[in-house]
Amino acid sequence: MVKIDDYWHKDEFNIHIKDPDMLVKPGSRIVDREGTTYGITTGDWHSCRMEGCNGLRLTVKWQDGKTTFPCSAGLKKIGPNIWKII
Ligand SMILES: [Zn+2]
């Protein structure tokens, strides 16, 4: 489970990266939970509002044209710029 404190923190305007390898960059591939399809991060994000969660909700555009906002705390890195929803 990736927590925001592991790799970045944000202020009003910027994201500061502690470990660049853990950054979910714009254009990263996000594989769905079943591993059957993937979406691409747009670079937009907002703070996760789940109680006790300090992740970021990343804007992801999927193959079918839908947009979702998976939480970075629920992603696992599986390759260069490839993350999977766990
Ligand atoms: Zn969250």
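The largest nonpolar core of this predicted model has 9 residues: Val24, Ile30, Cys48, Leu56, Leu58, Val60, Cys71, Leu75 and Trp83. Strand β5, residues 56–62, contributes the most to this core, with 3 residues. In soluble globular proteins, nonpolar side chains tend to be buried together.

Strand β4, which covers residues 38–47, runs antiparallel to β5 and is joined to it by 6 bridges. Within this pair, Ile40 has Lys61 of β5 as its bridge partner. Strand β6, residues 67–68, is also antiparallel to β5, through 2 bridges. Here Val60 stands opposite Thr68 of β6, and Val60 is one of the core residues listed above. The hairpin of β5 and β6 has 4 residues between the strands, and Gly65 in this hairpin takes a positive phi near 95°.

These strands belong to an open sheet of 6 strands, in the order β6-β5-β4-β3-β8-β7. The edges are β6 and β7 (75–79), each of which pairs on one side only. Pairing across the sheet is mixed. Strands of a sheet pair through backbone hydrogen bonds, either parallel or antiparallel.

A parallel pair is found between β3 and β8: strand β3 (residues 29–31) is joined to strand β8 (residues 82–85) by 3 bridges. In this pair, Ile30 stands opposite Trp83 of β8. Both Ile30 and Trp83 are members of the largest nonpolar core, to which β5 gives 3 residues.

How values were computed:
Residues are numbered from 1 along each chain as its sequence is written. This is a predicted model: local features need pLDDT of at least 70, side-chain atom pairs count only at pLDDT 80 or more; totals for chains, interfaces and linings use all residues. A nonpolar core is a set of buried Ala, Val, Leu, Ile, Met, Phe, Trp, Tyr and Cys residues joined through C-beta atoms within 7 Å. A residue is buried if 20 or more other C-beta atoms lie within 10 Å of its own, exposed if 12 or fewer, and partly exposed in between; C-beta atoms are placed from the backbone. Two strands pair if DSSP finds at least two bridges between them.
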